[in-house]
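This briefing concerns selected side-chain pairings, annotated segments and one chain-to-chain contact. The sequence and structure are shown first, and the points follow by topic.

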Amino acid sequence: MNDIVIEVQHLGFKYPSAPKPTLGDIDFSVARGEFVSVVGPSGAGKTTLLNCISGLTRPTSGRVLVEGEAITAPSSKIGIVFQDYSRSLFPWLTAEKNVALPLGSRGLSAEEIRNRVSGALASVGLGGQEKKYPWEMSGGMQQRVAIARALALEPHVLIMDEPMASVDAQTRSDLEDLVLGIWAERGVTVILVTHDIDEAVYMSDRVVILSTPPTAVHDVMEVGLARPRHQLETKDDPDFGHLRSRLFTAIRELREFSAAKP
Amino acid sequence: MNDIVIEVQHLGFKYPSAPKPTLGDIDFSVARGEFVSVVGPSGAGKTTLLNCISGLTRPTSGRVLVEGEAITAPSSKIGIVFQDYSRSLFPWLTAEKNVALPLGSRGLSAEEIRNRVSGALASVGLGGQEKKYPWEMSGGMQQRVAIARALALEPHVLIMDEPMASVDAQTRSDLEDLVLGIWAERGVTVILVTHDIDEAVYMSDRVVILSTPPTAVHDVMEVGLARPRHQLETKDDPDFGHLRSRLFTAIRELREFSAAKP
Amino acid sequence: MELSFRERMLWGAAGIAGLLAIMQLSVMTGLVSSNAMPTAVGMLAAFANLVVSQTFLAALLATLVASVLAFLLASVVGIPLGVILGTSRTAEKAVSGLVETLRPVPAIALMPIAILSLGIGLEMKVALAALASLWPVLISTIAGVRDTDSMMVRAGRSFTWSGLKIMRRIQLPAALPFIISGARQSVSLALVIVVTLELLGAREGIGDIIRQYGAAGRVDYVFAGVLATGLLGLALHAVLGRVERRLMHWAPQYRKASK
Amino acid sequence: MTTETQVIAAQAAQAGRRGRGRGKLGRFAIRLPALVLAILLWQVVATVFDTPFFPPFLDILARFRADWLSGPPSQLFLSDAFITNALPTITRLAAGWLIGVLVGVLIGSLIARLPRVGAALEPLVRFGMSLPAPALLPLAIAFFGLDAGGKIFFIALGAVWPVIVGTAAGLRGADPVAIASARSLTLPAATLFLKVRIPLASPQIMSGLRVSVNAAVLLIIVAELYATTTGIGFMIVNSQRNFDILGTWSGIFLLALLGIVCNGLFVLVERRVMRWQIIPREAQK
Amino acid sequence: GCSNAADISEPVEDAPSDGELFELTVATLPIGDLGAYFYAEDNGIFEKHGLDITTETATGGSAAIAAMVAGDYDIVYSGADGAIKAFESGLPVRVISGANLNQPEGEKDSTGLIAAPGIASVEDIAGTAIGTNALGNINQVYTQEYLSENGVTDFEVVEIPFPEQVAALNSGQISASLLPEPFASQAIAEGATVLGYPYRTGADQSNLVGVYVSTEQTIESEAEAVEAFVAAMTEASEAANDKANRDALIESILSHTKLSGEVANAMVFVHFTTEAEAPQLQATADLLTKFGVFPGEVDVAGLIAE
Ligand SMILES: Nc1ncnc2c1ncn2[C@@H]1O[C@H](COP(=O)(O)OP(=O)(O)OP(=O)(O)O)[C@@H](O)[C@H]1O
Ligand SMILES: Nc1ncnc2c1ncn2[C@@H]1O[C@H](COP(=O)(O)OP(=O)(O)OP(=O)(O)O)[C@@H](O)[C@H]1O
Ligand SMILES: [Mg+2]
Ligand SMILES: [Mg+2]
């Protein structure tokens, strides 16, 4: 049906120091322009999975195709936003320079770099804050810089590992709406890892639920809620309640199951 | 009607270095055994308010009465749980010793101290983890040690400043239920500061909404939801949805209002 | 209980005045022999004479030159070596035995041997002071590079950068707070070692002057020399603090409270 | 200051990481290549070039044994020279350092806890901290003469500054949240100080102690090179005066060993005291 | 070989042919034993021999020799024992000339064995401690030799710097010590007595105490300059030994040391010389061996520059 951008094929991964594989056999795909969330119990290997998809880590078995090409190293098609802005932004660079940093080595003209940087910062609502250092900004602003840095690379796929986990609840709902806005506007494909069930349902077209290690896809849930979504209306929708209950129960079961195991 | 435990009377506070007062004129009271949440925009002065209530900070004007006595210094009637367990637990002490530390100077017998410590740790589900150091535990476990430490003092009032903010979403819902369980079991009065609207509604009997500085009480919302509460059922209750919408709107308005001011 | 700036200055002045007064009185009352310690007035008079004397200023310069050369030598060796050892665990492991054996060896102890091949002049001072001050800068550079947040390195890799580029653009700046802190220790140490060598008989420098006055029994000048040495150390610290603040304006401890 | 603590914690963590995996011997062996190579190089170069002041490594070792380790089993094989020279050095060092540490922690605490005292002492402490400690030798001689007392005083005088500064900075810079949490527990003042403030400050106190150990080792050597008639430093000077170059080297080796042992002991204590700082750091990696 | 390294005259012809002066850096000690050197410097004797001398004050003879080996100095004044020890350890040092001898019999010597008050004879020293300013130095071994010649072998040797020895004698910490000027005069003024003159031993009752040394390399590359130095010192030594020049000598010593005029006026001087003979040095070397400074026999042949 739709144009497939990411294919995760029988992906397996084992940390050399770990006794058993973290990722067992993971298989799913993401269509162009789709918004997919990945949820799963803590320690399921969500971060490990993202690392494999983005080429930061070589899988032990299986492979990842992005637009049909196998990923073996970080690719410029993929932009990554990490959870902890304070650890992934460079505190010695201003917002502007943080965003421009990865562009320097892409053969772009100075002009074009300037345009992309200011475009990306404007997208995240940080026009006029270019000269600030990360530590002069609030947590939400910093995370927006991190998003702008990924956007400026004009990736086809945006991968986010719990990007909203380190900010307060109010900023979080603002950021959620910001990300949805950017996604709709730029038509980028998004994979979002989150711990927050409400967030997974609120944001996505589909939610991929991972099991415990050796991890496989436990279930995939279609989210049929209307777009654009709205913090109050969407969350008041009875369908929303049902979806969140389903997800909540699935994850609680997985956790109890895994807790009972050892 | 009910027995009043805490009275906050015309409380005002100004940081010496700040140009204007943070707390303007705050006035509310809490009945024995009540569960009250305090919400408000970031920077409203929630932490400042808690510090005044608990006697850590002297108010500039007004006063706080706990069981009829004016508070001027930290009192053994009040237990406090801070947001950041990594900064409020003492990493050089085991869980057990962290909990026992404040008991040592209370004229209790060694026997009684041992009982209280193990009782408090059992309450928070950490029986058998007594000898672990904070850094050997997950975030949720650490926060539970912090709660146990406050409980072991057998305070009449438990004050919590965003105790769930530094843990992940799943641990958070577990902790919420844990706190509700302890509250119901021990009959302690709780004041909870939170950023999370769902949490405020889910946990409380009443929610105190603060304005922006100079801060006053903007509104007090009664939460009539049935107890005991349940993560899925309570949150699926239409009343829950209405309460959360009301709160969400109130805070968004306050923020926009304050953002427009300067 | 915060003191205002004015109060702090006043109390500080009182502290200095108090110490000078104790010094003055304990000599004047004979509590301490005047052969052992000068009066405060005597020391300050000698100090006034010293700071305008050509010989003394030349000595000051000699000490400073030796210290700075030693520090530069230590940095030129220590920083690149530290980056290599911080990046490669294998290399670091292989040399760690050597580093841990040599590091605690007090450089001063080598003076009697160093004199034989390097004499008692600038070369010897620079060599031994550089040896001593190599360690702080080396160790901090290793620690800094190693301590670079793995998340930052991953961010760099996600830019499709090479290892070398990540080292240059991410690990080195991220390690800078550590490197500078090590460098500061190195400079102080270089000064300490140079002055010590001079006190022990190396040619030229403040230590040499103090030693000569000591041999002549001029305690007022000895104490004035010690005073001058302390002030030199203080000045060096202040300059380095400036440099550090300049370079490190982004590091947590120097962020202006901008909110 | 915080960076300094970080450096120390990072270093200590590094040392700890090395401690994991592999057997003890294997761990040890993997760290030796460069050291073995350096010693081999020394031996070969010294043998080939045959300069009088750079004797072969093995010759020095032989002399080292003869000088220091040729005693009877009843003395643990320590020679008389060791007992008359190294023991005084070690006791002076330990006594001076301990005095310096005690006084330093005391003054540092006063400075941090009593703002007026702190303000009055601050310029003096800054001066003392910046002063190359060996320059204080004339002062020590002035008060205590050149005997053991003078040396102990001298070492204490040099070791005290970093301890003062570390203690004061650690106490002042303590995390306000941690202090608030302790205050909320209504701890008595003494408990608050000893059980919370001091441990909270301990990373910086330890950092001060580390600097002071190095200063103390430096100072004992200076004191002994300058004027004494016993001690390792004296042995070195005396053999140098007699152009007994092997003897000089043998003394230097003993001092080096003393430095290594002091450092090793310190690291052991540091790892124990700062476990709560170091281990989470390691785990975080 | 026995040589008199100094017998060169016609000083002016020493100068380099192009009219420049020979440049030499000499390390000295601030003590009366260098009186002749200071005299030469103050009275233009070095210039007269075509020398441009830079004088530096060292902390001790052996440190100065070490620095000379490393190239800091061209010529160093040292005790004879320092030169012997350096030579024995393989350093490329050579004695270019003598510097000072003890005074012969009949003259007052500057270096006497001074006994603490209450020690009336050499025999009283048995079972006590004697002082030396540096363990294993020339003063110590000559004192030991003198005492053993007098049948006293049972005593301890402790190291005490000269300035503190007077107090140590008074307090009874040591019973005797070989003290040079000005300490000898000072001790005598405080009640000590002279027991004897330990350097007056051997065939001609005189021994070389101080020497000037240089390195093999300097002697070779700066041969003319070194010769000129020895010539200058020969002239200066003769002048300094001449009682007629006593006041000028005292003035020179005062200008180069921190001694007070009072002390200098009361001082007894050494006998200045530039002669250096192998047997004298060998005798000292043998004493160093005899009293355990060297583990075995030492041959000083070759120490004196040809
Ligand atoms: N470098 C490593 N070496 C060995 N095991 C690792 C490593 N990194 C992670 N693990 C383990 O692999 C598992 C998956 O880790 P991962 O961080 O991918 O989980 P996650 O689902 O992202 O967890 P969270 O929700 O806590 O972020 C965990 O059990 C973790 O302990
Ligand atoms: N020590 C201080 N000195 C000066 N101003 C302060 C200080 N501490 C806090 N403030 C200011 O007082 C105001 C209230 O701070 P407070 O921490 O009480 O807010 P809060 O409601 O707890 O915020 P948050 O939701 O972010 O925790 C803020 O504007 C803050 O910047
Ligand atoms: Mg993760
Ligand atoms: Mg707060």
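E122(D) and R126(D) both belong to helix α6 of chain D (residues 115-130), where they are 4 residues apart and so about one helical turn from each other. Their side chains meet in a salt bridge, with a distance of 3.7 Å from N to O. The model is a predicted one, and a search of the whole of it finds 48 salt bridges over all chains.

**Salt bridges within chain D**

- E122(D) has a relative accessible area of 28% and is therefore partly exposed.
- R126(D), its partner in the salt bridge, has 53% relative accessibility and counts as exposed because the cut-off for that class is over 50%.
- A further salt bridge in chain D links R63(D) with D67(D), and the closest N and O atoms of this pair are 3.0 Å apart.
- R63(D) and D67(D) lie 4 residues apart in helix α4 of chain D (residues 57-68), so about one helical turn separates them.
- The two partners fall into separate accessibility classes: R63(D) is partly exposed at 23%, whereas D67(D) counts as buried at 16%, because buried means under 20% relative accessible area.

- R252(B) pairs with D174(A) in a salt bridge whose closest N and O atoms are 3.0 Å apart.
- This pair joins two chains, because R252(B) lies in helix α9 of chain B (residues 238-260) and D174(A) in helix α6 of chain A (residues 169-186).
- R252(B) is partly exposed, with a relative accessibility of 26%.
- D174(A) is likewise partly exposed, at 30% relative accessibility.

**Annotated segments of chain D**

- The unreviewed UniProt entry places the feature "transmembrane region" at residues 28-49, 94-112, 124-146, 152-171, 215-237 and 249-269 of chain D.
- Residues 94-112 of chain D, one of the spans listed in that record, are 100% helix and 0% strand in the model, and their end C-alpha atoms lie 26 Å apart.
- Residues 152-171 of chain D, also among the spans in the record, are 100% helix and 0% strand, with 27 Å between the end C-alpha atoms.

- The size of an interface is often given as the accessible area lost when the parts come together.
- For chain C and chain A, the area buried between them is about 2300 Å², of which 65% is on carbon and sulfur atoms.
- Chain C contributes 22 residues and chain A contributes 26 residues to the contact.
- How many salt bridges cross the interface of chain C and chain A? The rule finds 0.
- Polar contact between chain C and chain A amounts to 2 residue pairs, counted with both residues at pLDDT 80 or more.
- On the side of chain C that touches chain A, α7 (150-158) and α8 (163-199) of chain C each supply at least two residues.
- The largest share of that side of chain C comes from α7(C), with 7 residues.
- By class, the side of chain C that touches chain A comprises 9 nonpolar, 5 polar and 8 charged residues.

Methods: Residues are numbered from 1 along each chain as its sequence is written. Chains are lettered from A and ligands numbered from 1 in the order in which they are written. This is a predicted model: local features need pLDDT of at least 70, side-chain atom pairs count only at pLDDT 80 or more; totals for chains, interfaces and linings use all residues. Side-chain values use heavy atoms; hydrogens and water are left out. A salt bridge is a side-chain nitrogen of Lys or Arg within 4 Å of a carboxyl oxygen of Asp or Glu. Buried means under 20% relative accessible area, exposed over 50%, partly exposed in between (1.4 Å probe, protein chains only). UniProt positions are given in the numbering used here, feature names are shortened, and annotations may be inferred rather than shown by experiment. Contact means heavy atoms within 4.5 Å. Buried area is the accessible area (1.4 Å probe) that two parts lose on being put together, summed over both. A polar contact is a pair of N or O atoms within 3.5 Å; within protein, one must be able to donate a hydrogen and the other to accept it, and residues adjacent in sequence count only if both atoms are side-chain atoms. Ala, Val, Leu, Ile, Met, Phe, Trp, Tyr, Cys and Pro count as nonpolar, Asp, Glu, Lys and Arg as charged, and the others, Gly among them, as polar.
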